Amino acid sequence: MLETLRIKNIALIDSLEVEFGEGLNILTGETGAGKSVVIGAVGIALGGRFDRTLLRDEEADGLVEILFSLDENVKQRLLLAEAIPEDLLSGDELLITRKLTKNRVVNRINGETVPIKQLKDTAEILINLHAQHEQTTLLRPARHLEILDSSDERVLAKKEEVRQCYGRVQDIRQQLEHQQMDPGERAKRIDFLRFQIEEIEAAKLIPGEDEELEIRFRKMSHAEDLLSICTEVSRLTGDESASGGGSQISRAAKRIQDLTRYESGSELPSQLSEVESLLADFNQSLTEYMDEISYDPEELRMLTDRLDLLNGLKAKYGKTIEDVIDTKERLAGELSDLEEADSRIEELLLEKEKEEDKLKKAADELTELRNKAAKPLAARVTEALKDMNFTHVEFYAAFEKTETITSGGQDEVCFMLSTNLGEQARPLHKVASGGELSRVMLAIKATLSDASDTPTLVFDEIDVGISGVTAQKIGQLLKKLAGTRQLLVITHLPQIAAVADSSYRIDKEVSGEKTFTTLTKLDEEGRVYELARLMGGEQISDSILQSARELLQSES
């Protein structure tokens, strides 16, 4: 369940925090007050677009946080779906945070940074958001197939199998296209591949060789400067001359031993002795380094030639020697395929036939599962539509086969609808009005949420084009739906607002020279006045207030 929503520095919201309750949470407010901003912030938390154009203050960070309480059922679903690691589910709460800084969006779950896909996968199990005007997607028959598929886990599993089969078939087709090239072109390609492979093999590459050669080249090409530097350092730190650092420190180390005659516990003598020892070690290492510095024109030329060869190969075949070696293996594989093209084509044709048979079988099984899933989906949607004042309604999914199999199978689906007795069902996108689309979408959402057991549903103005008795019926359906899960609903209709378990009003207020969106939880009297506003607008008379009280009492 969604416990708390926190929003900071987004659109008209400076800072807002609200706690939601169980059951049906209703949000109301005047047009333009910021209801869509609140729901939009929920969408951001679920992985929606989050960029700087949304910020109230472009110099400050934007923040959206949603705190969920989790029962064991939801925790198990999160784990089974592998949406979130088990170590992030140690408690009974889950905090999703999205923060927009100057440079990037940071996504966190329970304080741990996660990729956006993981956040979306997690949120999808916890909450379903019906955005404003989403019902218009029902005007696209392609959306009908998506809805049908999402109603049954077996369909989704088989659809994934079809997708994988289709991918393998496409891969084989591409290989065949590559193999079945013109014989002349194939011969040219074979010659070129042999040249490339021989060029790489002739270099006798050793991984990491280039880095070692670069070090040797730099050292030899700057031998004179290196010797000059080391000679001067040796003079300054050595102990051969009276003014050398080693000699000076040696004398100081002997002199400081005199301290022990007066203070036996002093650490200074041992510290200076350690410095003397370290300097001696340094000078030994410096001498060995100088002995290794040499300049041989012939060796330098050989180093230069070898590095030029290696860098030339890397420019052609990869950024590193390892990449060049990998390229040679890939080219060798391609050469082998081309040299054995005839036998390989025969193998691919047999493999293609085999995989196409698998694809056809999987697509047929998918069609069968879709037909089976369509009947209970249509029955549940029909029942929900009847609950929303469709007295005579017929709803079902009509199927057609496509000419070819795609990654989604071989089916086209169109929802058919009749809302009048004796009227033949016709394609939904051709007959439904705006209000009817809203009710059909709500019926579908209610049906799918039952199937998926999503704990929280959000509806942004699902009541578009609805009024009167129908609005009351929808309110009753939402109330029934809220008996098994949490609902957040934005509405303009008093018939729906009256059935709320918790009511909230969104207002736009002016303070100083700034406008703010606020959200307030309403008490009993606040609910009465808000219902009266929804019923009568700005002019709220005593009779409207009385009607509001009666409406609220009738739905209690």
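## Strand 4 and its partners

Strand 4 and strand 5 (residues 93-100) run antiparallel and are joined by eight bridges; here two strands pair if DSSP finds at least two bridges between them. Helices (H or I, at least four residues) and strands (E, at least two) are DSSP runs, numbered from the N terminus. Across this pairing, L67 faces L95 in strand 5. Strand 4 also pairs with strand 1 (residues 2-10), again in the antiparallel sense, over six bridges, and there I7 stands opposite V64 in strand 4.

How many of the eight residues of strand 4 are buried? Six are, so strand 4 (residues 62-69) is largely enclosed by the rest of the structure. Buried means under 20% relative accessible area, exposed over 50%, and partly exposed in between (1.4 Å probe, protein chains only).

## What you are looking at

A quick note before going on: this is a predicted model, in which local features need pLDDT of at least 70 and side-chain atom pairs count only at pLDDT 80 or more, while totals for chains, interfaces and linings use all residues. Residues are numbered from 1 along each chain as its sequence is written, and side-chain values use heavy atoms, with hydrogens and water left out.

Six strands make an open sheet in the order 8-12-13-3-14-15, and their pairing is mixed. Its edges are strand 8 (127-130) and strand 15 (514-521), each of which pairs on one side only. From one strand to the next, the twist averages 15°, with axes taken as lines fitted to C-alpha atoms (for helices over the stretch in contact) and angles running from 0 to 180 degrees between N-to-C directions.

N128 sits opposite L457 in strand 12.

## Helix 3, a two-sided helix

Helix 3 (residues 116-126) has the buried residues Q118, L119, T122, A123, I125 and L126. Why do they lie on the same side of helix 3? They do so because they cover an arc of only 155° around the axis, the arc being that of the directions from the helix axis to the C-beta atoms. On the face turned away from this buried side, helix 3 carries the exposed residues K117 and E124.

Nine bridges link strand 9 to strand 10 (residues 409-418) in the antiparallel sense, and F399 stands opposite V413 in strand 10.

The loop between strand 10 and strand 11 holds L421. L421 is exposed, with a relative accessible area of 70%. Its C-alpha atom is separated by 35 Å from that of Q553, which is 132 residues apart along the chain.

## The cavity

Searching the whole structure turns up one cavity of 30 Å³ or more. A cavity is a set of points on a 1 Å grid over the protein atoms alone where a 1.4 Å probe fits but cannot get out, and lining residues have an atom within 4 Å of a point. The largest cavity has a volume of about 60 Å³, a volume being the space filled by probe spheres set on the points, with grid points joined across faces, edges and corners.

Among the residues lining the largest cavity are I26, T28, R527 and E530. Strand 3 (24-29) and helix 18 (524-536) each supply at least two lining residues, and helix 18 gives the most, with four.

Methods:
On a 1 Å grid over the protein atoms alone, a cavity is a set of points where a 1.4 Å probe fits but cannot get out, and a pocket is an open set with protein on both sides within 12 Å along at least five of seven lines; lining residues have an atom within 4 Å of a point.
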